[in-house]
Amino acid sequence: MTLARRRRLVERVMFALSVGCMATALSVLFFLLGYITYQGISSLSLSFFTNLPAPVGEAGGGMANALLGSLKLLIAAACLGIPVGFLGGVYLAEYGGGKLGFLVRYAADVLNGVPSIVIGITVYALVVRPIGHFSTLAGGVALGLMIIPVALRSTEEFLRLVPASLREAAIALGAPRWVVIVRVVIPAGMRGIATGLVLALARVAGETAPLLFTAFNNRYWSEGWTQPTASLPVMIFTYAIAPYQDWHDQAWAAGLVLLALVLGANLIARFVLRRGGPIQGRA
Amino acid sequence: MEVVRAPRLRIPVPSRVVAPVPSSTPVRGAGVAVSSAARLRRRIGDFGFRATALGFALSVFVITGLIALSLVRTSWRSVVTFGWSFLWTSTWDPVFEHFGALPFIYGTLMSSAIALLFAVPIGVGAAICLAELLPQRLADPLTFLVELLVAVPSVIYGLVGVFVLVPVVRTLGNAAQPLIGFLPIFRGPVYGVGLLTAGIVLAVMIVPFVISISREVLLAVPQTQRDAALALGATRWETIQGVVLPFARSGIFGAVFLALARALGETMAVTMVIGNRPEIAASLFAPAYTMPAVLANEFAEATSDVYLAALMEIGLVLFCITVIINGVARLLVMNVQRNTAGAAE
C-alpha cells in the first residue's frame, strides 16, 4: 500500500468512527424517547391527571397532587431564583467588566457545579431543621438556589448581545445610566432573557435530589406552603424503586409527562430564540 | 463601505465620516442641561440601581459561603470525632456509630472513571463529527438534538436504567462470565445492579455534555489553522489530529473535567442502579455505593447526631471535590477562549 493510499484509508476509518460516535449518541436519545413513550402511554389515562395516588393494587390512581406540587415548587423557586439571578446578571453585563465581575462569574459557575444533593442537605440544615418539618417552601428554596447561577449567566449573556450603539444612543439623548438599562437595554434583550429563564426553570423542574429532604413527599394534597408536598420527580423515584408492578406503570406515565414538559419547554424556548432572534428588532 | 479618494483642492478627506460639530457651541440636549438638583437626583438613581444590582450579584458569594459554612458546622461533630481517618476507613456502622467514608469515595470515583472511559472517546468523536465533518445544515439540527439530551432529567435516566439496563447487564454479564470471569474485575455473581451499570448510566448522561462543550471548543479553533495545515498537504484527518485537536486540547480537558464534576455529584440515576452496598470489591459487577447515593438513601433515617454529622461530612467532601474540579475546569475553558481570541487577531 502506498503512503498516500494509507493516509486516505486512515482518514476514512477515523471519519467513520467519528460518525459512529455521533450515531451512538443519537440512538440513545431516540431509544430513550421511544421507550418512555411506549411504556408511558399505555399507563397514561385521564385519572393520572385528576386523581390522588391509589394504594397498591387499586386501579385508577393518579398523580394530580404531584403535578400541582411540582407547579407550586416551581413558583416558589422562581420567586427566589429569578429576581436574584436576573439582577445579578444585569450587574455582570452592565457593570461587571472588572475583577469583581470575573469573581462573581466564577463563583456562579462553581455554584452551578455544586451537586444538587448537597444543595438539598444544606437547605435541610438551614431551613427544614430550624422550622422543624419539611415544606413546599423549603423545596422551593432548594430549587431557587439552583436557578440563580443559571439565570444569572444567561441574563448576562443575552444583555451582552444588545448592541452598544443602542446604549450609546440613549446616553447621547441624556438619559441616566440606570434609565438606559431599564428602559432600553433590558427591553431589547427581553426575549432572550425570558427564554433563558424558562430554560432555567425547566432544568430544575426535573430535579429530584434537592427535594428529597426539603419538600419530601406527600400522598395527599398539600395545603398552603408549609406542608410537605409531592412532586413529579420524587414520585418517579419512589415508584420506580418500589417492588409493585402498578407503581412501576405509574412511574413510566409520570416519566413520560415529566419528559414531555421539560423537553417541550426546551423546544418552545429554542424555537422562539431561533425564529425571532434573542434581541428585539434584530433577526 | 469607505471610498478612498485622492484629495482634491488640497482638503484632507477624513477617513471616516464624522458629523461636523463646531467646537465652540456646546451640545445641549434636553437631558444634559440639568440643574444641579436634578443632577444629584440622577446620580442617586444611578448609584442606587448599581448598588442593588451589585447586591444581587454578590449574593452568589453569600450563597456559596453559606453552603460551605453550614456543611462545616453541621458536620463538625463527625470531623472532630473521626478526624482524617473518616476518609480512609471503610467501616460504615450506624449502630455502633463508627463511620468511615472510603467505600463511598471509592464507589464515586470508580463509577465516574468508568463513565469517563466510555463518554470521552464517544463524546469527542461525535464533537469532531459535528464541528469538522458535517455540513452546517446537518450539524445544526443534530447539535440541537444533543442539547435536548442534556435537558433530560436524571431521574428519567434512572428509570430507564433500572428497567432496561439492569436486566441487560444481568443477562449479558451472566452469559459472558464463563469467558471473562477469570479476570478479577469480572469475578463474582452478576446481579445487574453494580458499579459497571452505574458507570454506563453515568456515561450516557454525560456524553451529550462532553459533545456540546467539545464542539464549541473545536469551533473556536481559528479557520486559518486548518487552512495552513491543509495547504501543507495534510489530509483532513491529519489536520484534525495534528492541528485542531492540539489547539483545542485544554478546552477539551475542561469539558471532560466539567463532565467529571457532573458525574461525581449525580445522585438519582446512580442511586437507582448501583446496588447501594458499602463495600469495596474488585469486581465491576459487584454492587457499590456512592457519596450522593448514601446521602439520598440514609439522610432521612439518620437518627443520632453523629450519624447525621457523618452524612453531612460526606456532603462536605463532595462539595469540596466538585468545587475544586469545577474551578480547574472553568479556568481551563477560559484559557482556551483567551488563547483563541489572541490567535484570531
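Axes here are lines fitted to C-alpha atoms over the stretch in contact, with angles running from 0 to 180 degrees between N-to-C directions, and helices are DSSP runs of H or I with at least four residues, numbered from the N terminus. The model is predicted, with pLDDT of at least 70 needed for local features and 80 or more for side-chain atom pairs, while totals for chains, interfaces and linings use all residues. Residues are numbered from 1 along each chain as its sequence is written, with chains lettered from A and ligands numbered from 1 in the order in which they are written.

Among the residues that meet are A:Phe15 and A:Met22 in H1(A), and B:Ile122 and B:Leu133 in H3(B), contact requiring C-beta atoms, placed from the backbone, within 7 Å. By class, this contact of H1(A) with H3(B) comprises twelve nonpolar, three polar and no charged residues; Ala, Val, Leu, Ile, Met, Phe, Trp, Tyr, Cys and Pro count as nonpolar, Asp, Glu, Lys and Arg as charged, and the others, Gly among them, as polar.

Across the two chains, 74 residues of chain B are in contact with 74 residues of chain A, and helix H1 of chain B, residues 36–82, supplies the largest share of the chain B side, 19 residues.

In helix H6 of chain A, 23 of the 25 residues are buried, each having 20 or more other C-beta atoms within 10 Å of its own.

Key. Helices (H or I, at least four residues) and strands (E, at least two) are DSSP runs, numbered from the N terminus. A residue is buried if 20 or more other C-beta atoms lie within 10 Å of its own, exposed if 12 or fewer, and partly exposed in between; C-beta atoms are placed from the backbone.
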